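Please keep the model in view while reading.

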Amino acid sequence: MTQTSHPVHDLRSALALLRELPDQLLTTDIEVDPMAELSGVYRHVGAGGTVERPTKEGPAMLFRNIKGHPDAQVVIGLLASRTRVGHLLGCDPKRLGFLLKDSVTHPIPPVVIPNADAKCQEVVHLASDPDFDIRTLLPAPTNTPEDAGPYITLGMCYASNPNTGESDVTIHRMCLQSRDEISIFLQPGARHIGYFRELAEAKGEPLPISISIGVDPAIEIASCFEPPTTPLGYDELQAAGAIRQKPVELVQCLTIHERAIANAEYVIEGEILPNVRVREDQNSNTGKAMPEFPGYCGPANPELPIIKVKAVTTRRNPIMQTCIGPSEEHVSMAGIPTEASILAMLEKAYPGKVQNVYCASSGGGKYIAVIQFKKSVPSDEGRQRQAALLAFSAFAELKHVFLVDEDVDCFDLKDVMWAMTTRFQADLDLIPIPGVQCHPLDPSNSPEYSPHIRSQGIACKAIFDCTVPFDQKERFARAKFMDIDMENWKSVL
């Protein structure tokens, strides 16, 4: 994909690039309430994904008049389009999984720059100031009127192993709880920072953590890699550096012993306190947290760790970045790294056989993978199903894998459903795998749904083999059309 004259290196350069492209950024000066209204508007403009209908995939949106925050701006939906992600990363949208896969294997470590050069520290707010309040400093929205509170949905959390010093960047749901406290949800076993917190808490020590908001989209995408693709000790900022072919710049925080992303719009400096927990919805009492990627509101957690905020530093006139939980933005951030993880594993096992992988919007980027598999010789028959089993190993949160032939566009779910209709028999080609670990946020993965489900998240995966048996490929050949040079017809299109 052709880059414009604006190379992307931070949020502002990303917005400058989108302004050059047709229908990729919508800007408004109409006043909007960050409490539910902002997300309610964007639902109609461009959220997509598993958001309640009506919604659609559309441009990103920059709100420049935020109620209660006279100097704030909020951008939403930056990554809520695979085409837009392609522009922002300078890559064909259908090759993004390959770009991410290669970035992991060719890492470029981050570098630390002097504090004087860090744009994220142009303005400093210290928690020791009696007027300090993160709720007025951060125009953090709620997605719905039932949310537990204002959420930071795109904060790049950066922390280090207290024993080894190895660092990691991840995204977590974080709710503003008071003037200087933020709750953080750390899914057990899913993110390295949760492990770092456990190590620090075992010593009775706080874990220093920085939260960088409004950064280069390459960092946001790379931060969503998970094990085994990026094992413990792998800093995903290295993958972001590989995408840009230049190191991510970090800066030493001012009040804690940790680093932050140097050109972020906002940086929150704080510590995860040991042995301190808070009820996530203590300020709303709704029983709900916020909408999660499957399209349902997640329940409020009764006990979450607390980040005690020490400072907030910003660029001048900072831009808050946020997303809607179940939107196409989550599909981009979670799905493209998942595609890369699956591609990396399958290319090792079956070189040249897997043509592409798509983690579809209907699965929120996590639950569904469509694998395009090419059978070249009779002995390839059956390997497609082994590839699906490996995909489950590469990304355990997958629920359904659809296998299609090389003549099916794995990115077009209409084409995938066509293959399922004409190349699939449920009694022969549906392979259930019961009693395995699935994702806890899927409400059907619970004993309430079925007594056959042993406990929450221990449920059934399935392979849908929509490929043609190798010895029958000729019988399933698609109708061939004349190959036309469409350059001659551009004037009438």
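At 1% relative accessibility, Leu 18 counts as buried, a term that means under 20% relative accessible area, with exposed meaning over 50% and partly exposed in between (1.4 Å probe, protein chains only). This is a predicted model, in which local features need pLDDT of at least 70 and side-chain atom pairs count only at pLDDT 80 or more, while totals for chains, interfaces and linings use all residues. Residues are numbered from 1 along each chain as its sequence is written, and side-chain values use heavy atoms, with hydrogens and water left out.

Leu 18 belongs to helix α1 (residues 11–20), where helices (H or I, at least four residues) and strands (E, at least two) are DSSP runs numbered from the N terminus. Beyond its neighbours within four places in sequence, Leu 18 is in contact (heavy atoms within 4.5 Å) with Gln 24, Leu 25, Ala 60, Leu 78, Arg 84 and Leu 88.

Helix α6 (residues 192–202) is mostly covered, with eight of its eleven residues buried, among them Phe 196 and Leu 199. The buried residues of α6 pack against several strands, including β7 (155–160) and β17 (304–314).

In helix α11 (residues 413–422), the buried residues are Asp 415, Val 416 and Ala 419. Seen down the axis of α11, they fall within an arc of 105° and therefore line one face of the helix, the arc being that of the directions from the helix axis to the C-beta atoms. The face turned away from the buried side of α11 carries the exposed residues Lys 414 and Thr 421.
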